[in-house]
Every structure is written in structure tokens, then in C-alpha cells.
Amino acid sequence: MDYLTLLQILDTTVRLATPLLFACLAGLVSERAGIFDIGLEGKLLMSAFFSAAVAATTGSVWAGLAAGVGASLVLSAIHGLASITFRGNQLISGVAINFLASGLTVLIAQDWFGQGGRTPSLSGDARFNEITLPFAQSLSGLPYAGQGYTELISGHSLLVYVGLLTVPLIWWMLYRTRFGLRLRAVGENPAAVDTAGVSVLRLRYTAVAIAGVLCGLGGVYLATGLQAGFVKEMSSGRGYIALAALIFAKWRPWYALFACLLFGFFQALSFRPDVVERVARIDIPGQFLDALPYILTVVILAGFVGKAIPPRAGGEPYVKER
Amino acid sequence: MTILNKFLGGAAALALTSGAALAEPALIFDLGGKFDKSFNEAAFNGAQKWAEETGNTFREIELTSEAQREQALRRFAEAGANPVVMTGFAFGSVLGEVAPDYPDTTFAIIDMVVDAPNVRSVVFNEHEGSYLVGMLAAMASETGTVGFIGGMDIPLIRKFACGYAQGVKAVNPDATVVANMTGTTPAAWNDPVKGGELTKAQISQGADVVYAAAGGTGVGVLQAAADADILSIGVDSNQNYLHPGEVLTSMLKRVDNAVYEAFSQGPEMETGIQVLGLADDGVGYAVDDNNASLITDEMTAAVEDAKAKIVSGEVQVHDYMSDDSCPAIDF
């Protein structure tokens, strides 16, 4: 396998890992605060739809971005209301959100555009186009480093860079701020946080809202960056793969980045059976590569590679003692 | 409550009897969805044409899950819809079970052969149409590498790929055909993101013409090809208009004609197997204002020549489904 092919595969990896990364970080913030979020898939789908629909109607991708993130926030609010205020089962609320998004997007799209649950194709300013970073053209002549810069680092849409910058941001927030400390504490032992006089409900709502924004960005990227428009069920299981990546990453931001890149890499490899065959010298079916994220997660859960311990208070509604 | 029940029951009975009296035809779309801009949309256009010409109405349902197949078929048959037309190979086994239960209803299935006295099976010679667009692809390609992206990995789609590869090799024996399938489940008909990424992967392998036989996934393929300024080939419906000047042509499969014919002939239509090929314009390639500048006179001449030879039997295009193998490409 030559260097250029490797770069192309890594390039695809970055593109495919970005929606996973947004969803995975969303799940991370939410679950670190003790709210399990099965509804990542639904939020991705809903924000993908609203971003594409509004971008198609107004012709501005920024309006689409706002609408997508807003739609995801609304779903987050529903999840928060059900699982924090009304102390419902978080898993059931998440599943309900997934069903809601899957049906509602197609219904609204059909009523709005009459194209059978899809939006018109986006073009020009209605999309996040690829950005060529400075010096990309002049450096492309340089072997290795220059090529790598031009092919791999430059030429993605804005949201890819935002996604990559979010990782250190989340890390800093969780481990270097007072808010992050409290957020982590509320996922481990909410009673202690409450005793210290900090509102558990407010912390959890904030975490769920941050998750909504991140998930929204992931959906916007799917519909306006990766593709040009919304198609029904276009998230196609990415929210679930993000959950798998979250477990794989043991609920840590940097690990989450690597888990998403790894899972994205498997997907990218499944698009290039010719390269896989040349390197591995045997024919590995693409379906096996597609299934690898799930297989790896099961291996991790079975305890073969260290232990994945979820936040202790995860999934449990907080009830003040009387 | 009881009054309401009676009222509702009466309304339902009325609806049922009125349906039976009219004997409306019914159309069932497969999972790709009615507006996939491709296969199912062609079926819808045919039905729509019939409705406009006759002023009659038809019933339709768009499946959303595998489990609805049998239910939808039985519903329509029970409600007295006749004929019942369905699009897609996946109805094959279900129809085989359902058809004998409703001997007075005539069914028509597209893309699959079901052996029952009250079923018309319409199949197309997609390999012939794909052969022609394969020739066009090879003539339009500058790199000598062309791509194929299929939807779900089933023999029918391999038939498309095989015909296409033979057409490419007929023009340029040294050409490379890169073929990928989107997936192995029905979700593969509706995954434009994966379709787009597969296209980018094929472009990085040198492909400069990509043929999508993938239902809704093809929308992503055509988009990615237009973004990268290479040519693409649409399928089933005429998709040239999706990206004017960047879609080389579309492999037409006249599903609309098949549906129109079944609806026009009504319950008395002839049953059995109906094969539509190049000879009766069941398949073909699309030329319109959007792609006229891409197709040169030489290309038209070569393709028309090949078409005549296929119709006369001078050129035989191998059908993948006849022996599950392809001389021009490995899967």
C-alpha cells in the first residue's frame, strides 16, 4: 500500500469519524452526569433533518446549523424532563426519542417538501463546503509532510475541525474546571453533591443540554457536510456505534477520539476491499469490518482489555432524601 | 360508546364495499420508498400516468418494514383491489404464499418470477441496458477506470454490474471496473452517506465515471460524483436532471411502462412471465437536454450499433442470473 492510498483512507476515516465523535462526546457529557442517553441516534437524525430543511428553505447553512442544534436541544429537553424531573426510566425515554425522530422526520419532510421524506439537494451556501487551509496548494509538492497536510489535514468542512477541537475543550471542562468536577461527581454520587449545596437537577439539565448541542452538530455535519440533504434514516445506526465507542473509550474524552477514529477507520477500510486484500493477503468481507466496532465493544465489556466501569449513579434518577 | 362503535363499523363496511365495487388497482412500493428518484418512483410515474389518462384512482402503500409485506398484500386483496402490482424482488416468496389464497385477484410482480396462475411476473433484461451504458462509460472515461456501486448485494444487482462490465470491456478491453456493493441488508437501498463515501473511494482508485444501481443510495453517489467533477450514470428512472451536465446518462428501466400496462389491462391481464429487453424498449439509455453535450455522435453511433446487434442476437450479453457467474468481473 503506497503512501497516497493510506492518506486517502485516513482522509475518509476523519470524515466518517466526525459524526461519531460528536455523538460520542454528547453521550460522554450526559452519562458522566448520570443520565444514560440511548437517544443519540434520534437526536442525530432530527438535527440532520432540520438543518437540511432549513438550509434548503433559506439557502443559508448557518440558519440550518441553528435549526439543527435547536431541534436536538428540544429532544434533549424532553429526555431531561422525562428522566430528571419526572424520574422516568432513562433507557425507555431514549428509545422513545429514537422512534419519535425516525417517524417525525419523514412525516414533516413529506408535508414540507412532498418528496417522500427527503429534502431537496443543497448546494452552494446551503452546505458546509470543504475548506482549503492556508499553504495547502503550495505545500502539496513536498513529499510526505506536505502531501499529508494537503490531503489529510486540509480540505475538510468546518465542522470536522470544530469536532476535533471539541475533544480538548471537553477534557478541559471535565477535568480542569469546578463545573466539570461537579458534573463528574453528580454521576458518581449525587447525594454528596447535593449535601455540598449544589443543585443536582441543574447540573444534570446542563449536561443534557451540552449533549444536545454536540449531538446537533453531529447531525448537521451528516446532512450539510457529508451529504447534501436529508434522506430518511440517514443516521443509519451511527448513534449506536457512538455508544459502543463511548464504552470502548471508558467514558474519557481523548479515548473517545481514538475510539471514533478507529471505528471510522474500519468503515473506511470496508470501502476499499482491494487495499485490504493486498495488505492482508486474504479476502476479508466488508461486513466483518462493519461489525468490528460491535465485536470490539463486546470484547471490552467481557473484561478482556481492562475494565469499563460506567459512572456509578448512571441510569438512576436522583431522589432527595427526606 | 355503542352508538359510536356502530357508526364506525358502518363506515368501515361502507368503505370496504365501495372499494370492492370499484375494483381499484393497487400499487405497493418497496422499502426504497416511493420517491427514491429511481426504481419505485418510476413505478409511481407509470401509475400516475394511468390515473391521469383514465381519470380513475388507485390505491398505494409504501412499505416501511419487512414485516408489512404480507400484511399489505393481503389487505389489498381482501379489500378487493384488482390488479395488485408490487415492485421489487423481495416480494417473491411472500407473493408465492399469498397468491393461491386469492385466486380471483390478479397480481403483477416486477423484478421477480413467481409461478402461480394469477400472477404476471415482469422481468427486465437489465444486463442489456447496462451493457450500453457501460460502453458509454468506457468511451467517456479518460483514465480507463470506471466504477460501479450497487445497492444490496443480490443477484439482480450483480446482473447490472456484469452487463456494465461487459459493455466497458467491449469498448476498452484494458479498462478496469471497480465494483462495490453498499451492503447486504435492505438498508443498503437508502444510505446516501455510504454511497458518497464509496464514490470517493472509487475516485481515489482512478474512476472517472461511476454507475450507481442502488436506489436511494444512488442520490449520494451522483452527488459525490458531481462534487468531484466526474461523471456518473443514473439508474431505473431518468436521473440526468439531478445534476445537469454531470450525469453522463441513465440506464432506463421502464418500470413505469410495466405498471401502466398492468393497470390498463386490469384484472384480465395476461399472466405468466413477461421479459422486457432492448427489443421492446423495456430498457435503454437516456439522452435529453441535460446530457446531450456529454454524448458525442461517435458514442451514439457505437451504442446504437451495439443495440441493433443485441436485438438481432448477433451480440450476446451474458446474464449473471443464468449461471451466477460473470466473465467480465469478479465479485
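## Exercises on a predicted two-chain model

In this predicted model, chain B holds an open sheet of 6 strands with parallel pairing, in the order 2-1-3-4-5-11.

**Exercise 1.** Determine how many bridges join strand 4 of chain B to strand 5 of chain B, and name the bridge partner of B:Ile109.

*Solution.* Locate strand 4 at residues 107–110 and strand 5 at residues 119–124 of chain B; the two run parallel and are joined by 4 bridges. For B:Ile109, the partner in strand 5 of chain B is B:Ser121.

**Exercise 2.** Describe how helix 2 of chain B is placed against helix 9 of chain B and against the sheet strands it lies across.

*Solution.* Step one is the pair of helix axes. Helix 2 (residues 39–54) and helix 9 (residues 255–265) of chain B have axes that come within 7 Å and cross at roughly 40 degrees. The crossing is right-handed.

Step two is the residues. Helix 2 of chain B contributes, among them, B:Phe39, B:Ala43 and B:Trp50, while helix 9 of chain B contributes residues including B:Val259, B:Tyr260 and B:Phe263. By class, this contact has 10 nonpolar, 4 polar and 2 charged residues.

Step three is the sheet. Helix 2 of chain B lies across strand 1 (26–29) and strand 3 (84–87) of chain B, and runs at about 165 degrees to strand 1.

**Exercise 3.** Work out which helix of chain B gives the most to the side that touches chain A.

*Solution.* The contact takes 20 residues from chain B and 20 residues from chain A. On the chain B side, helix 7 (192–204) and helix 8 (217–227) each supply at least two residues. Helix 7 of chain B gives the most, with 8 residues. The classes on this side are 7 nonpolar, 9 polar and 4 charged.

**Exercise 4.** For two spans of chain A that an unreviewed UniProt entry lists as "transmembrane region", 91–113 and 158–175, give the helix content and the distance between the end C-alpha atoms.

*Solution.* Residues 91–113 of chain A are 100% helix and 0% strand, with end C-alpha atoms 33 Å apart. Residues 158–175 of chain A are also 100% helix and 0% strand, and their end C-alpha atoms lie 26 Å apart.

Methods:
Residues numbered from 1 in each chain as written. Chains lettered and ligands numbered in written order. Predicted model: local features only at pLDDT ≥ 70, side-chain atom pairs only at ≥ 80, totals over all residues. Contact = placed C-beta atoms within 7 Å. Nonpolar A, V, L, I, M, F, W, Y, C, P; charged D, E, K, R; others polar. Axes fitted to C-alpha atoms, helices over the stretch in contact; angles between N-to-C directions. Left-handed = near helix turned anticlockwise from the far one by under 90°. UniProt positions renumbered as here; feature names shortened; annotations may be inferred. Pairing = 2+ DSSP bridges.
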